[in-house]
Structure formats: C-alpha cells, structure tokens
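Subject: Structure for you to look at

Hello,

Here is the structure I promised. Please open it and keep it in view while you read.

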Amino acid sequence: MAGRRGALIVLEGVDRAGKTTQCCKLVEALCDAGQRAQMLRFPERSTEIGKLLSSYLEKKSEIEAHAVHLLFSANRWEQVPLIKEKLSEGVTLVVDRYAFSGVAYTSAKKLQLADAAKREGFGCELYENQAFQKQVLQRFYQLMEDPTLNWKRWNLRSSHSGVLSASKFYFSDSRCFQKLRRSPRGNP
Ligand code: Z5A
C-alpha cells in the first residue's frame, strides 16, 4: 500500500515579512511532533539559474524583465523532481516563497522599476524599496481573493513564537505594514 503523501505548505509575503523565520519554526515543530518535514526556499540561489537570479537581485547584472520572470519560473521547475520525490516519500515540504511570488513581483513591475530605482531609499537588493513593496502587497491581496486557493493569513506580532496550524498557503504582512508606516526612507 502506498504511504501517505507529504503536504506542500507555502508561505508567501513581502520582503522581510518573516517568512524564513516562520518556515524554520514550522519545520522544527513538525519534526518535534514526529512528522518528516523539510524546508525549501525560492529563489533557490545555489543552482546555476539561482546564481543568475542572485546576481540580478543584488544589482550586479541586468536581465530583461520577461527573461527574469522565466528564470524565476525555471528555478522552481528545476526543483520539481525533488519536490515530487519528497512528497511521494511522505515528507512535508515547507516552502519559503513559490509561484505566487512570481505573479506578485512580476505584475508589480508595472510601477516601472527604472523610475523607482531613482528614488531614495532603494535597498540592498533590487526590489527592496517601499513603493515597490506596496505594489507587491496589493498583488498578494488580489491573489488571495481566489476562493479556489486555501489561503490563511497570520499576524506575526502574535505568532512569532508560536506554531502555524497545517494548511496550504500562508500570507504574512503585518510587520511589513508597521515598517512601511514607520520608515520614512523605505527599506522595509
Ligand atoms: N522573487 C521574485 O521576484 N519572483 C519569484 O518568483 C520569487 C522571488 C520566488 C528575493 O527573495 C527576491 O526574489 C524577493 C522576491 C523575489 N524580493 N526581493 N528583494 P528572498 O526570499 O530571497 O528575499 P526576502 O523576501 O527579502 O527574504 P528575507 O529577507 O529572507 O525575508 P523573510 O524571509 O520574510 O524574513 P526573515 O528572514 O524571517 O526575517 C527578517 C528579519 O526579521 C530577521 O532579522 C528576523 O530575525 C526578523 N524577524 C522575523 N520575524 C519577526 C517578528 N515577528 N518580529 C520581529 N522581527 C522578526
């Protein structure tokens, strides 16, 4: 008899919302509870495609917007065999960003990154500025309106030391909202 398939749990949100922190806590909690769980993150910067993306995000190289969207997608596709293998082995995967980031970030580029880049407060990585992050947040809200997806939203202020209950797609924004309000120069 085939074993039980692992769950695919995706955490999404804007930059520095706390996704990595919550992914680690969730994996730890699942393992403590006797489950087999592992974390994945996108972009996965260790692959050849991931290195191109990392260089682009760090503003060390330029890539045409459509091409970079496809590279983010390819970066996920190259992990699909691993994802399928792990899930079929019964391992639960907690994923730090996935295709929703691809949609939200690319569609938010209608802001025109070239203009945004000239504004003060542009951060270390390409997308780390207040105006762009607000656009991304709006795109995430639009994606969350899809009733066919099992989105759950959580407030980091109350759950930072807590544990997430099992579900499929999580979205976090509260701490970012605080930072966006607080920071006059952006860089949330
Ligand atoms: N991108 C894209 O455009 N298209 C795509 O398809 C994909 C991605 C997949 C890099 O992603 C960029 O790629 C990203 C989107 C784009 N935009 N940019 N720039 P990334 O995931 O590598 O980078 P990131 O989103 O900036 O991740 P991050 O910096 O690792 O943020 P995070 O995971 O949300 O947060 P964190 O690492 O858990 O926490 C950040 C800090 O806050 C850290 O010091 C924590 O200790 C602290 N923290 C965490 N939680 C709390 C709470 N609750 N209170 C106080 N402090 C906290």
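Average pLDDT over the chain is 79, and 73% of the residues score at least 70. Where is confidence highest, and where is it lowest? The top is helix α2, with a mean of 98. One is residues 157-168, which has 17 contacts in the model beyond near neighbours in sequence. The other is residues 173-188, with 35 such contacts. Where pLDDT is low, the predicted coordinates should not be read in detail.

Now look at helix α3, residues 65-77. It has 13 residues. At 1.5 Å a residue, they should span 18 Å. The end C-alpha atoms are 19 Å apart, which agrees.

Which residues of α3 are buried? They are Phe72, Asn75 and Arg76. Seen down the axis of α3, the buried residues fall within an arc of 100°, so they line one face of the helix. An α-helix has 3.6 residues a turn, so residues three or four places apart point the same way.

What do the buried residues of α3 pack against? Their partners are α2 (48-57) and α5 (99-108). On the other side of α3, His66, Ala67 and Trp77 are exposed.

Best wishes

Technical notes:
Residues are numbered from 1 along each chain as its sequence is written. This is a predicted model: local features need pLDDT of at least 70, side-chain atom pairs count only at pLDDT 80 or more; totals for chains, interfaces and linings use all residues. Helices (H or I, at least four residues) and strands (E, at least two) are DSSP runs, numbered from the N terminus. The expected span of a helix is 1.5 Å times one less than its number of residues. A residue is buried if 20 or more other C-beta atoms lie within 10 Å of its own, exposed if 12 or fewer, and partly exposed in between; C-beta atoms are placed from the backbone. The arc is that of the directions from the helix axis to the C-beta atoms. Two residues are in contact if their C-beta atoms, placed from the backbone, lie within 7 Å. pLDDT is the predictor's confidence in each residue, from 0 to 100.
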